[in-house]
Amino acid sequence: MHKEGEHTRARLASVARGILLVVALSACGGTGIAPQGEVSTGQALIELSDAINAMRDDNALLQAQVDSLRVDIARQDSVLRQVAAVAGVSMRVR
């Protein structure tokens with residue numbers, strides 16, 4: 001589970017570096033950038049923003065799945081404990 005979080009953070013860091021690079025390049029150009037260059041820079045920023053939003057959506061979906069699995073595991077654990085109690089079998093406590 002930690003690897004998923006690390007992967008997401010690495011992707012976000014990569015996108016953030018890309019945004020910083022685009023902003024820095026556009027700032028260095030000043031007013032000497034051709035109008036087409038301004039459009040390209042703006043389009044790149046929009047695409048980066050869309051990519052960040054898509055990653056946020058993916059992260060929210062993954063978190064919902066993890067939460068659902070935790071609920072399922074808790075339910076199964078409760079059922080197993082009840083069955084063990086009825087059968088008179090001791091279970092190890094985590």
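The model is predicted, so local features need pLDDT of at least 70 and side-chain atom pairs count only at pLDDT 80 or more, while totals for chains, interfaces and linings use all residues. Residues are numbered from 1 along each chain as its sequence is written, and side-chain values use heavy atoms, without hydrogens and water.

Start with the whole chain. Helices (H or I, at least four residues) and strands (E, at least two) are DSSP runs, numbered from the N terminus. Of the 94 residues, 9% are buried. Buried means under 20% relative accessible area, exposed means over 50%, and partly exposed lies in between (1.4 Å probe, protein chains only).

Now find Arg-11. It sits in helix H1, residues 2-29. Arg-11 is partly exposed, at 32% relative accessible area. Leaving out residues up to four places away in sequence, Arg-11 touches Met-55 and Asp-58. Contact here means heavy atoms within 4.5 Å. Arg-11 and Ile-52 are 41 residues apart along the chain, yet their C-alpha atoms are separated by 9.0 Å.

Next, the salt bridges. The structure holds 3. Each pairs a side-chain nitrogen of Lys or Arg with a carboxyl oxygen of Asp or Glu within 4 Å. Asp-72 and Arg-75 form one, with closest N and O atoms 3.2 Å apart. They are 3 residues apart in helix H2, about one helical turn. Asp-77 bridges to Arg-81, also with 3.2 Å between the closest N and O atoms. Those two lie 4 residues apart in helix H2, about one turn. Asp-77 is partly exposed at 23%, and Arg-81 is partly exposed at 30%.
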